[in-house]
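Here's a quick tour for anyone meeting this structure for the first time. Have a look at the sequence and the model, then read on.

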Amino acid sequence: MPTTLLDTKAATPLAGRTADGRVRLPGLSRAEIAAHLAEMGVEAKKVRMRANQIFNWVYHWGVTDFAAMTNIAKGFRADLEAHFTLARPGVIERQVSRDGTRKYLIRMAPGIEVESVFIPDVSRSGALCVSSQVGCTLTCTFCHTGTQRLVRNLTPAEIVLQVMACRDDLGEWPAAKGREGTDVTEWRHGGDRKLVNIVFMGMGEPLYNTDNVIESIDLISDDQGLSIGRRRITVSTSGVVPDIAKVGAANPMLAISLHAADDETRTRIMPINKKYPLDDLLQACRDYPGLSNARRITFEYVMLKGVNDTPQHARNLITKLQGIPAKVNLIPFNPWPGSPYECSDMDVIEDFARRLKKAGLAAPVRKTRGEDIMAACGQLKSESEKQRASVLRKAAKAAP
């Protein structure tokens with residue numbers, strides 16, 4: 001299917017308030033909603049109830065019109081509309097792959113654009129790959145995102161809004177039926193939900209933005225809102241050892257971008273290994289909260305021809321992962337313009353997988369998805385560049 005270009009003027013910035021002073025509700029936590037309600041003069045004894053109602057309408061029902069909040073009196077709805085907006089960020093480019101993968105370029109604020117990818121038919125449903133930063137600092141040599149300088153961390157709201165934008169595109173918000181205010185739902189597309197898995201594997205290193213990632217997980221998993229369970233959320237890190245236990249306390253699944261099992265090779269392709277070498281990283285994995293055979297760590301391993309794909313590399317990997325409940329995802333390298341690597345030959349990948357499986361490791365070869373729209377693993381990159389703060393303030397002031 002062809003690329004769909006959307007009206008970029010419709011993309012509203014999310015930082016702060018709108019030009020007319022209204023607060024943007026999508027992306028706010030219950031506590032933030034409550035604080036704004038108190039600021040607008042809602043009685044203290046009603047703030048918590050009202051915050052819960054609004055939170056549910058925004059995140060469970062996905063409403064875009066205050067008139068749809070049917071268990072709130074019309075007069076108060078008018079007050080809310082005067083103080084708040086339900087506007088979402090603008091999807092300024094949407095591409096659909098031949099295999100059904102969808103890539104979104106979302107403008108969060110002037111100069112702040114991120115890519116998210118929805119992959120259908122993952123774990124019997126679908127997964128959304130979300131970004132945690134605009135750009136990246138890690139410079140992994142096989143990753144296209146690493147060629148884009150870090151612009152800034154994404155806020156919890158901007159992470160959650162990627163999920164909401166995907167639900168909008170899929171038409172996958174529940175719709176009430178029966179009398180007004182009842183909590184009976186049906187899915188608008190007429191079947192089971194497609195978006196039930198979230199993976200922090202988009203642009204950026206999630207554990208260089210740990211606090212915001214944890215807050216976004218709390219919002220995404222809230223059972224009165226988006227209601228995506230924590231065991232359906234996976235945080236992937238290249239190995240920021242000090243924050244692995246911290247994110248583990250939020251109870252998501254963990255994935256490690258490993259890609260080599262000896263320090264020399266890993267340091268060459270992933271400079272972060274100089275700061276956090278393999279033994280330190282793998283000890284943090286062994287100490288991960290809740291680790292068990294039912295909650296295995298996924299180790300991502302991109303197959304690079306002549307770099308990390310020999311039988312000795314396989315033996316190194318088997319040795320290093322001993323004692324860790326683990327699954328190894330073998331990922332055929334996805335090329336990007338100017339990339340210095342080639343993908344390992346398929347017979348080499350299959351032999352590598354056989355060696356791991358013989359040693360008792362689950363080692364599926366990941367099917368490449370969305371390669372024709374540069375949406376495959378390691379291919380994400382936006383055109384955002386770091387700008388002077390004065391330029392961003394000027395752009396924000398000029399925005400509608």
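Strand β15 (residues 297-303) is largely enclosed by the rest of the structure, because seven of its seven residues are buried (buried means under 20% relative accessible area, with a 1.4 Å probe and protein chains only). Strands here are DSSP runs of E with at least two residues, and helices are runs of H or I with at least four, numbered from the N terminus. This is a predicted model, where local features need pLDDT of at least 70. Residue numbers start from 1 along each chain as its sequence is written.

**The two faces of β15**
- In a regular strand, side chains alternate between the two faces of the sheet.
- On one side of β15 sit Ile-297, Phe-299, Tyr-301 and Met-303, on the other Thr-298, Glu-300 and Val-302, and all are buried.

**Its neighbours**
- β15 pairs with strand β14 (residues 253-257) in the parallel sense, over three bridges; strands count as paired if DSSP finds at least two bridges between them.
- Phe-299 in β15 is the bridge partner of Ile-256.
- Strand β16 (residues 326-332) runs parallel to β15, and seven bridges join them.
- Across from Tyr-301 you'll find Leu-330 in β16.

**Helix α4**
- Helix α4 (residues 156-170) has 15 residues and spans 22 Å from first C-alpha to last, close to the expected 21 Å (that is 1.5 Å times one less than the number of residues).
- Of the 15 residues in α4, 13 are buried, so the helix is mostly covered.
- Just after α4 comes Gly-171, with a positive phi of about 65 degrees.

Note on methods: This is a predicted model: local features need pLDDT of at least 70, side-chain atom pairs count only at pLDDT 80 or more; totals for chains, interfaces and linings use all residues. Side-chain values use heavy atoms; hydrogens and water are left out. Buried means under 20% relative accessible area, exposed over 50%, partly exposed in between (1.4 Å probe, protein chains only).
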